[in-house]
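Please open the model in a viewer and keep the selection panel at hand.

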Amino acid sequence: MNENRPSITVICGFHSGSSTDWWQKKFPLSEKDTMGRENDSIETSIVTPRQISTVAPVQGMFITKDGKTSYHAAPDTVNPLYRNNIPLLPGKGYLLEDRDMLVLYGDDSQQEYADVFFVYSSGQSAGELSVDIRERSVMAGGRKKTLLKNIRMDIPQGHMVLILGGSGAGKTTFMNAVMGYEPADGKIVYNGRDIYRDFDDMKYEIGYVPQQDLLRMSDTVYNTLMDAALMRLPKSCTKDDYKSAVEQTMRMLGLKREQFNRVGKLSGGQRKRLSIAVEYIGNPSLFFLDEPDSGLDSGMAMELMNNLRAIADQGKIVIVISHSPNRVAEMFDEVIVLAKSEEDNCGYLAFHGNTADACSFFGVTVKENADLEGIVSRINMKEEGGEGKGDYYIRRFAERTDR
Amino acid sequence: MKEKRISGIGQIKVYAAKCFRLFMADRQWKNFVSAFIIIFLICLVTGDDMFREYTATKKGAFAVICACIWVGLFNSIQSVCHERAIIKREHRTGLRISSYICAHVIYEFALCALETLILFTAFMLRNLQNIPKPNGSIGTPAFDIYVTMLLVVFGSDMLALIISCTVKKESTAMTVMPFVLIIQLIMSGMLFDLEGVTEVISRFTLSRWGLNAIMTVANTNDNVRSGYDIAVRDDAIAAACEPNATNVLHKWMILAGFALLYIVISIIMLRRVDKDKR
């Protein structure tokens, strides 16, 4: 597919009971294309400026690509479209930005329903995360201790990235440095903006789910999310906007049934999903998660990763630290491997690339399946139960990058 | 273009609403029961001469002020430190520390007002026969006593808020609290004659100003009747408790000033939350 052409990615989630099947497909858009749920009655349409006059009288809503994209809906529509969790008002024009998330969802009362996401891309160069960490050090006992060194990479939007590494390799330090929480000596650029320099402006673009669930256990799920929406969504939102953002987020992360339950009563998996929901509701474009699957069984971990995959498919960058990635290996687009050098006890980049390449680089596959956990064994020190090849892979990857 | 987010006032509303909402969920109504039990015990021991005789009034006022400080300290000693990690996370995503503290102050003030009402009502009912006569008080003597008690409870609450904003663990807060309490009690000037450094320290205690205010409203200087009272009468306290409205107002302003100072210190201390290590 030509990446420079406008395209629409349709993502559908078919919810039935507690399970959700996700389906997605990207379609290139041409001047004559229209899209809708039915042929004869267009409820949701993507149309070009040339067709606007013919489609305009149709009851429902449609989107036009008019240099920039704009949105219009018939005033009497009963099923409005949502942009980034906020309902679009019928009859009002909106400027849509590249990679805005548009959602049309079904009836609340239905046990089975489908979420439909449209991610529009104008085909212009997408924003990416550019990491250039020369050094990250701290003062400990009056001495300088270097935690990370020479880590450079670019991560495109829409990618879900796994961070692997042994204990003390600097995974969380790396994450904190990239998010700007603990700045390193270097530069982190996202969408052309320096995160360190513009942190105050960009903090709403960063969602971080730490290892521990930082939630008030006595509050309800709904109130937790409503407060998060009030704090993070733009001031211009109306009460209905906040409500719909909460509703959509609960639905997206399977928390609707638990909305009136106290956080303390939720299961580990539900609590983790709520932690993600609190961040997701602010619609950040960079999503960082520190071991979101720890303590979850395979089914819960799979469901959680499915949620994260869906978030990445909305054009966001999702970066995940996990110690049990094998069960969800196919969901990741890229793998970052950090290893602690035995020479200076500092964390270095031992690999960055796609999953298949990672397995080939470290020689880890089990019955044709990616054994990502095997990578950690390769690089861990011998006293940690590993093979002690961290320095070997650090050098090898540096040579490969230099070439 | 940079989109505007919720204002500082808006954040106060969100967090104050959260505090009130969690009142029932966190079973903070237990504080009311605790306040009632404390004042009930005090009422059992104060005797019938409160507001009538100098020594009895002094002892009773001291007991009531002790109860006010205890209740205030317990209100907020763990309220911030128990969710410090959450605050750190929320601060990084736009929460203003000043808004967070202001929300807590609003909630704590309401809590203090109700707790004081319990303490005040029980204590005044016990001494219904002896309620002081108006003698230079700002409102009625009962009103003045309520306001004084409220200012002491609220000031103690804000003092505990500083501790809660400074320490990182609830256990540390509970370890520090008894020291704060003991300083308030022994430096009040009621138990011991204070001179030099201790006298200076006592000027920074809520207990001293609270006691002086109550004794001023209670008109204790005119209650020195028995020989024992004459023998134990303290000239310094007598001078500080001259019964007039200006004197009461002066004490109130000092108590309110302390509370305000504690709020500012709490904000400064909690701003360091970003430096907490993982």
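In which sense do strand 14 of chain A and strand 15 of chain A pair, and over how many bridges? Strand 15 covers residues 193-194, and the two strands pair in the antiparallel sense over two bridges. Strands here are DSSP runs (E, at least two residues) and helices are likewise DSSP runs (H or I, at least four residues), numbered from the N terminus; two strands pair if DSSP finds at least two bridges between them.

Before continuing, please note that this is a predicted model, in which local features need pLDDT of at least 70 and side-chain atom pairs count only at pLDDT 80 or more, while totals for chains, interfaces and linings use all residues. Residues are numbered from 1 along each chain as its sequence is written, chains are lettered from A and ligands numbered from 1 in the order in which they are written, and side-chain values use heavy atoms, with hydrogens and water left out.

**The hairpin and its neighbour**

Strands 14 and 15 of chain A form a hairpin with two residues between them. In the turn, select Asn191(A), which has a positive phi of about 55°.

Next, select strand 14 (residues 185-190) together with strand 11 of chain A; six bridges join these antiparallel strands. One pair to display is Glu135(A) with its bridge partner in strand 14, Asp185(A).

Strand 11 spans residues 128-140 and includes Ala140(A). Ala140(A) is partly exposed, because its relative accessible area is 40% and that class lies between buried (under 20%) and exposed (over 50%), with a 1.4 Å probe and protein chains only.

**The interface**

Now show both chains. The contact (heavy atoms within 4.5 Å) takes 29 residues from chain A and 25 residues from chain B. Chains A and B bury about 2,600 Å² between them, 51% of it on carbon and sulfur atoms; buried area is the accessible area (1.4 Å probe) lost on putting two parts together, summed over both.

Select Lys18(B) and Asp227(A), a salt bridge whose closest N and O atoms are 2.7 Å apart.

Finally, colour helix 2 (171-179), helix 3 (199-202), strand 16 (206-209) and helix 4 (221-232) of chain A, each of which supplies at least two residues of the side touching chain B. Helix 4 gives the largest share, five residues.

Methods: A salt bridge is a side-chain nitrogen of Lys or Arg within 4 Å of a carboxyl oxygen of Asp or Glu.
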